[in-house]
Amino acid sequence: MLGLMQSQPLMISAVLKHAARHHGAAEIVSKNVEGDIDRYTWADAERRSRRLVRALQALGVEAGDRVGTLAMNGYRHLEIYYAAPGLGAICHTVNPRLHPDDIGYIVNHAGDKVLFAETSFNAVVTAIAPAIAGTVKTVVMMTSPALMPALDLPAGMRLVCYDDLIAGADEDYVWPEFDENTASALCYTSGTTGRPKGVLYSHRSTILHAYGVSVADALALRAVDRVLPVVPMFHVNAWGIPYAAAMTGTSLIMPGRHLDGPSMHKLLNDERVTMTAGVPTVWMGLLQHLRATPGAKLDTVQRIMTGGSACPPLLIEAFGREYGVRMEHGWGMTEISPVGTYNRPKPAHAGLDEAGLEHLTLKQGRVLPGIDMKIVNDAGEELPWDGVAFGDLKVRGSWVASAYYGDAPGSALDADGWFATGDVATIDPNGMMEITDRSKDVIKSGGEWISSITLENIAVSHPDIAEAAVIAARHAKWDERPLLIVVPVKGAMVTPESVLAIYEGKIAKWWLPDRVLVVDELPHTATGKLQKNTLRARYQNLLLEQPS
Ligand code: ADP
């Protein structure tokens with residue numbers, strides 16, 4: 001027997017309509033390319049998104065077409081987030097920090113019909129234009145007529161101004177309802193291994209994810225909150241915040257390209273931000289600025305969500321103790337929309353002492369309702385949740401990808417329907433997951449696994465070390481051994497001996513890195529993660545070539 005409840009397809013436009021109708025006055029504040037502030041409301045965003053639908057239709061965009069974006073976080077990008085799926089098309093966010101060859105590949109692979117770009121990416125647009133001329137017929141610069149650049153584009157590719165488009169469009173669009181499984185957005189993984197692959201979200205997966213991240217033990221956004229997503233809208237949907245904020249009526253503060261410590265500090269305080277979210281590198285920059293500025297405080301920020309890579313313990317401790325801000329750890333990936341787990345305590349954690357609490361906050365957290373996870377060994381057998389055994393982390397759920405763009409449905413899953421994350425993790429008896437590595441980064445020493453992240457976290461607790469990377473170096477006897485590469489804090493001198501001393505009593509003896517290299521800087525990917533494949537290419541034979 002079927003239930004007798006109303007059935008409404010889960011539509012992305014529905015959360016925008018909700019925000020406009022019930023939280024119409026909530027603000028959307030954007031810092032623009034010139035550094036000025038643009039300010040409007042969710043009601044304005046909904047109205048302008050309707051105009052943008054009409055403008056897209058006038059450009060020939062139809063249901064199923066891909067609409068590319070090269071943009072940071074701002075209100076025009078938000079309008080594309082809603083207008084493209086609102087007409088059944090797909091908002092394809094492209095990471096502008098990738099190499100132009102990769103951007104060209106991604107735009108062609110997706111077959112984008114229109115490309116929206118901010119003026120800070122003029123050079124990228126010009127560089128890729130000849131390569132994408134076969135698919136992109138219109139480039140829309142996300143700016144006002146006064147700031148329109150004159151770009152040299154191939155014949156047949158139109159250059160249009162965003163604000164002109166909106167100004168000339170009708171407001172009469174009525175958001176339609178259609179199959180909730182219709183594709184809504186497309187995002188390519190960074191391609192740290194091989195060519196980037198596209199993850200194709202649906203209206204249904206996006207809305208369920210937005211509900212999932214909104215629960216009180218996750219992002220917990222409220223109508224009285226003012227949230228600043230530092231995490232970019234061009235990658236992993238800004239962790240779902242553009243949708244969850246509309247659903248909860250939260251005000252959105254968009255930082256544009258101004259992510260350095262001083263700019264962040266000013267925007268957080270000026271705009272009375274209560275919650276913010278981003279990768280640890282950004283928080284490190286903010287912390288350094290705060291510490292270097294006598295009397296600096298965060299006036300209104302209560303919580304910082306950190307994710308994307310492991311959060312150094314120092315950050316959680318420093319923000320908590322020195323600035324009274326709670327750092328919360330989340331984990332996810334492009335293929336999981338992206339949030340899979342969030343770290344908030346359970347009743348079992350009530351009696352933890354300070355050391356126990358500290359260790360707890362470093363974990364990546366427990367699953368959001370809607371996601372399940374397990375860890376398995378090389379034979380695919382499930383491992384115990386004892387917080388010690390570590391194995392390959394697999395997930396499944398309504399907002400987990402089943403295949404990459406262009407591939408057959410289900411082709412990214414194992415026979416039982418689980419998705420292998422490529423991460424290695426432990427899960428403790430309370431269901432708290434802790435990433436110990438990416439599977440390709442784990443160090444396999446004499447058949448036993450050593451966690452590179454654990455070793456890196458300890459290294460950066462050294463007062464003179466700014467950043468650390470541990471990679472597997474080939475070893476004649478043990479196959480692989482840990483090699484530690486560190487960047488000292490500006491002006492500090494470190495010796496390998498002083499670095500190794502910090503591991504005393506913290507790890508099993510056989511985990512101790514075999515060698516310490518001190519370098520000026522480490523390579524990073526376009527999303528700010530350590531580029532370990534570059535380090536491996538450079539150093540993986542070091543212990544064979546120079547055994548002592
Ligand atoms: P890519 O860098 O391949 O585009 P994503 O940006 O989707 O991938 O990043 C996903 C990966 O980032 C995860 O598989 C995991 O390795 C890492 N990651 C994400 N959040 C965390 C976290 N809180 N702690 C440690 N690693 C994390």
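Modeller: Quick ground rule before we start: helices (H or I, at least four residues) and strands (E, at least two) are DSSP runs, numbered from the N terminus. This is a predicted model, where local features need pLDDT of at least 70, side-chain atom pairs count only at pLDDT 80 or more, and totals for chains, interfaces and linings use all residues. Residues are numbered from 1 along each chain as its sequence is written, and side-chain values use heavy atoms, leaving out hydrogens and water.

Biologist: Which strand does T276 lie in?

Modeller: Going by those DSSP runs, the strand covers residues 275-278. That puts T276 in β12.

Biologist: Is T276 buried or exposed?

Modeller: Buried means under 20% relative accessible area, exposed over 50%, partly exposed in between (1.4 Å probe, protein chains only). T276 has 1% relative accessibility, so T276 counts as buried.

Biologist: Which backbone oxygen does the T276 side chain reach?

Modeller: Contact means heavy atoms within 4.5 Å, and T276 touches W283, R303 and L228, among others. The side chain of T276 gets to 2.8 Å from a backbone oxygen. That oxygen belongs to L228.

Notes: Polar contact = N/O pair within 3.5 Å; in protein donor to acceptor, adjacent residues only side chain to side chain. Lists of a residue's contacts leave out its neighbours within four places in sequence.
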